[in-house]
Amino acid sequence: MRVRRRTAGAAGALMLLAVGCGGAAGGKASPGASPAVVPAEPLPMVSAARAGTWSGSDHKAHPLRLKPTRLALGHASDLAHIRLDDGLKGMVPYYLTVSYTNTGKDVLSQLSPERNFSLNGVDGQAGEQLSLFRTDPLATTNGLPPECQESGKGTLAAGETAAFCQIFMLPKGLKPGNVSYKDDGGDTLLWQIGGAQQGARGVLPAHQPADAVTTDSDRRTATVLATPKRVRTGSPADLSRFDLDADQKKLVPYYVTVEYRNTGRQDLLPSLNDSLVLSGASGQQARKMLLLDIGGPGVAQCPEAVPHKMLKPGATVTECTIHMLPKGDPPASLTFQGSGDGARPVTWRAAADDGK
C-alpha cells in the first residue's frame, strides 16, 4: 500500500510506503470497537446539505449536493501499519465522511470530490490529506482504519448518491474549526465544527505587536516590530480599472494594513508586507496581489506605504496590501513569513471588518 500525502490547496503529492496492510487495523470492520481498535470520537458539526459543482474532463461545472455526515477524531495507533514521513509523525488523524449526490441530468464519471475538501484548524491552517493505495495484490484488506471505510464512487447516474471517507492530519493541540469544499464554480462552502475554540496554539490576538525577522536590501538580517491594524473587506468593483482575468474577478479583495517599526540597525525598504500571507477559513492562502499601476493613483481603499522613503532605525511605516480569497471563505489568520537568520513565521488571528 502507498500513502498519498496532500496539503489541501497545494499542487503535487508525496508518495510514502506503507507496510503491513493485511493487519487487523485495515479492512471491513463490524460496528463497535474491538480489543485492538480504539473507537474514534465523533465531533459535533454542521451537516447541512449544500449545492456545489464538480468539473470533469469536459471542463463543465456539473451540479452536486454535498453533505458531510460525520467527523471523528482518531488515534495515532489507527495508522500504526503505515510508514509516515517525519512531517506527519505526531499529528492526529481525523475521519471525514461525506455523501454526494448527482443532482444533474447527465451521468458523471471520474468523480473525486474528496480532492476539493479540506479540514481546517481554528487558525485557518489546512490539514494534510492522506490517500491510501494498495500495492500488495495479495492483501486481504484495504488498509483503511475501520472508522474510515467508505471509498466513494467514480461514476454516478442522475440522482444517485455515494459516500467517501477522507483522512486528514492536524497538528496535535490544534482544534478543527471547519470543513470546506473548494467549489469548481469559484466559491468556497464551509461547515462549522461545534465547540471549536477560538484560540489556537502559536496564534496571536489580531492586533498584538510582535517581533519579526526580515532582511535589508543587502540581505542582512534585520528586525521589526509588526502590528496588524486592519483587515478590510473590499469589492471587485474597487479594482475595475485593472486588467483582471476571469478567475480573479470571482474573488473578494481584502485590504491588509500593518504598521512596522524598524527595531534593527539597518535602513529597510517600505515593502515589508511582501512577506504577508492571508489565510482563509478553508486553509487557502493569498499572498500580496501585484497590480500594474506605474504612475497611477493606486487603489484608494488600500493606500501605498507612508512614508515612501527608506525606513530608518527607530522609524515607523504603515503599509497596505491587497489579498484575494474566494467568496464564502473569510480570513482566519495573517502570517508574516519573514526571512534572514532566526526568522520564524509570526501568525495573528484575522477577521475582516465591514470595510467602512
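The structure described here is a predicted model, in which local features need pLDDT of at least 70 and side-chain atom pairs count only at pLDDT 80 or more, whereas totals for chains, interfaces and linings use all residues. Residues are numbered from 1 along each chain as its sequence is written, and side-chain values use heavy atoms, with hydrogens and water left out.

Aromatic contacts were examined first. Rings of Phe, Tyr and Trp (the six-membered ring of the latter) are taken to pair if their centres lie within 6.5 Å; planes under 30 degrees apart count as stacked, those over 60 as edge-to-face and the rest as tilted. Five aromatic pairs are found in a search of the whole structure. One of these is the tilted pair of Tyr 100 and Phe 164, with 5.8 Å from centre to centre and 45 degrees between the planes. Strands (E, at least two residues) and helices (H or I, at least four) are DSSP runs, numbered from the N terminus. Tyr 100 belongs to strand E6 (residues 92-102) and Phe 164 to strand E9 (residues 161-170), so the pair ties together parts that are 64 residues apart in sequence. Tyr 100 is buried, at a relative accessible area of 1%, and Phe 164 is likewise buried, at 2%. Both residues belong to one aromatic cluster, which is formed by Tyr 100, Phe 117, Phe 164, Tyr 181 and Trp 191.

A further tilted pair is formed by Tyr 260 and Phe 336, with 6.0 Å between the centres and 55 degrees between the planes. Because Tyr 260 lies in strand E15 (residues 251-262) and Phe 336 in strand E19 (residues 331-336), this pair ties together parts that are 76 residues apart in sequence. The relative accessible area is 0% for Tyr 260, which is buried, and 0% for Phe 336, also buried.

Strand pairing was considered next, two strands being paired if DSSP finds at least two bridges between them. An open, antiparallel sheet is formed by four strands in the order E13-E14-E15-E18. Its edge strands, E13 and E18 (316-326), each pair on one side only. The twist from one strand to the next averages 40 degrees, with axes fitted as lines to C-alpha atoms (for helices over the stretch in contact) and angles running from 0 to 180 degrees between N-to-C directions.

Within this sheet, E13 (residues 210-215) and E14 (residues 221-233) pair in the antiparallel sense over six bridges. Val 213 has Thr 223 of E14 as its bridge partner, and Thr 214 has Ala 222 of E14. The hairpin of E13 and E14 has five residues between the strands, and Arg 219 takes a positive phi near 65 degrees there.

Key:
Buried means under 20% relative accessible area, exposed over 50%, partly exposed in between (1.4 Å probe, protein chains only).
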